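Me: Can you walk me through this one? Start wherever you like, and keep it short.

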Amino acid sequence: MATDELAQKLQRRLLLEESGPEPAPGGEEAAAGWGAGQEEEEEESRSSMLASADSELGAKLSRRQDINDGTARPRQAKVFNPYTEFKEFSRRQIKDMEQMFRLYDSGKDGYIDLMELKLMMEKLEAPQTHLGLKNMIKEVDEDFDGKLSFREFLLIFHKAAAGELEEDSGLMTLAKLSEIDVSTEGVKGAKNFFEAKVQALSSASKFEAEIKAEQDERKREEEEKKHRRAAFRELKSAFSQ
């Protein structure tokens with residue numbers, strides 16, 4: 001792909017160098033009427049195009065050479081961390097949202113497209129029109145790709161918590177019917193999650209407490225496994241005697 005693109009750039013560069021100013025319409029008499037000013041304008045435009053092509057091509061050739069030499073710096077992609085970006089939600093809530101997202105991401109490509117959203121709303125017994133589904137995606141579609149990433153899916157609940165969704169909108173319906181309980185944990189002291197603004201949480205201590213709880217749960221499960229294995233060994237030993 002990179003080789004084809006470079007070849008196209010080189011082809012365009014050669015065409016620009018070989019082509020001269022376009023002939024004026026109407027023959028030689030009309031061309032004489034254009035005057036020197038028109039020729040200068042065309043020459044300036046042509047020089048600008050050449051400079052732009054040279055700059056773009058030079059950058060690509062330089063990048064390609066660095067890659068071949070092994071000296072190219074990797075392009076860093078922004079890493080999305082839902083726990084730090086959506087601090088108003090607990091780890092349990094975010095995991096529940098992720099589970100729901102994966103459930104309806106039937107293509108397993110990390111996105112919920114229009115048809116998958118259609119299926120989701122039908123499963124929630126709140127079917128939407130084709131236009132309604134497109135508007136739902138459009139409201140949180142930050143990269144304009146026409147589908148929902150997990151981050152954009154979380155934005156639905158973020159906007160619902162912040163009171164940024166219309167009460168009768170498709171996204172508010174999705175948030176209400178999702179069966180993800182965010183009314184007690186996500187908004188401290190709010191009587192109704194969907195009618196209150198997100199209030200500040202002591203996210204650091206809450207985050208640490210949840211991690212510790214998960215670690216304790218894993219330890220407890222490991223202890224139970226050890227006890228079951230020990231009981232099995234005793235039972236096996238008793239039968240073998």
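Reply: Start with helix H6, residues 130-140, where Gly132, Leu133, Met136, Ile137 and Val140 are buried. Buried means under 20% relative accessible area, exposed over 50%, partly exposed in between, with a 1.4 Å probe and protein chains only. Helices (H or I, at least four residues) and strands (E, at least two) are DSSP runs, numbered from the N terminus.

Me: How wide an arc do those residues cover around the axis?
Reply: They cover an arc of only 135°, which puts them on the same side of H6. The arc is taken from the directions from the helix axis to the C-beta atoms. As a general point, an α-helix has 3.6 residues a turn, so residues three or four places apart point the same way.

Me: Before I go on, what kind of model is this?
Reply: A predicted one: local features need pLDDT of at least 70, side-chain atom pairs count only at pLDDT 80 or more, and totals for chains, interfaces and linings use all residues. Residues are numbered from 1 along each chain as its sequence is written, and side-chain values use heavy atoms, with hydrogens and water left out.

Me: Back to H6. Which exposed residues are on the face turned away from the buried side?
Reply: His130, Leu131 and Lys138.

Me: And what covers the buried residues?
Reply: The cover includes helix H5 (114-123), helix H7 (150-161) and helix H8 (170-177). Contact here means heavy atoms within 4.5 Å.

Me: Zoom out. How many helices and strands?
Reply: Nine helices and zero strands. Of the 241 residues, 28% count as buried.

Me: Which residues touch the most others in the largest nonpolar core?
Reply: Leu117, Met120, Phe153, Phe157 and Leu174, out of 32 residues in that core. A nonpolar core is a set of buried Ala, Val, Leu, Ile, Met, Phe, Trp, Tyr and Cys residues joined through side-chain atoms within 4.5 Å.

Me: What does Phe153 contact?
Reply: Beyond its neighbours within four places in sequence, Phe153 is in contact with Met97, Met100, Phe101, Ile112, Met120 and Leu174.

Me: How many aromatic pairs are there?
Reply: Six. In the Phe101 and Phe153 pair, ring centres are 5.5 Å apart and planes at 55°, so the pair is tilted. Phe101 is in helix H4 and Phe153 in helix H7, 52 residues apart. Rings of Phe, Tyr and Trp (its six-membered ring) pair if their centres lie within 6.5 Å; planes under 30 degrees apart count as stacked, over 60 as edge-to-face and the rest as tilted.

Me: And Phe153 with Phe157, what angle?
Reply: The planes are at 75° and the centres 5.4 Å apart, so that pair is edge-to-face. Phe153 and Phe157 both lie in H7, four residues apart, about one turn of the helix.

Me: Is Phe157 buried or exposed?
Reply: Phe157 counts as buried, at 1% relative accessibility. Its C-alpha is 9.1 Å from that of Met97, 60 residues apart along the chain.

Me: Which residues form the aromatic cluster?
Reply: Phe80, Phe86, Phe89, Phe101, Phe150, Phe153 and Phe157.

Me: Last topic: what sits over the ring of Tyr111?
Reply: The charged end of Lys147, 4.3 Å from the ring centre. Arg91 lies over the face of Tyr83, at 4.7 Å. The cut-off: NZ of Lys or CZ of Arg within 6 Å of the ring centre and within 35 degrees of the ring normal.
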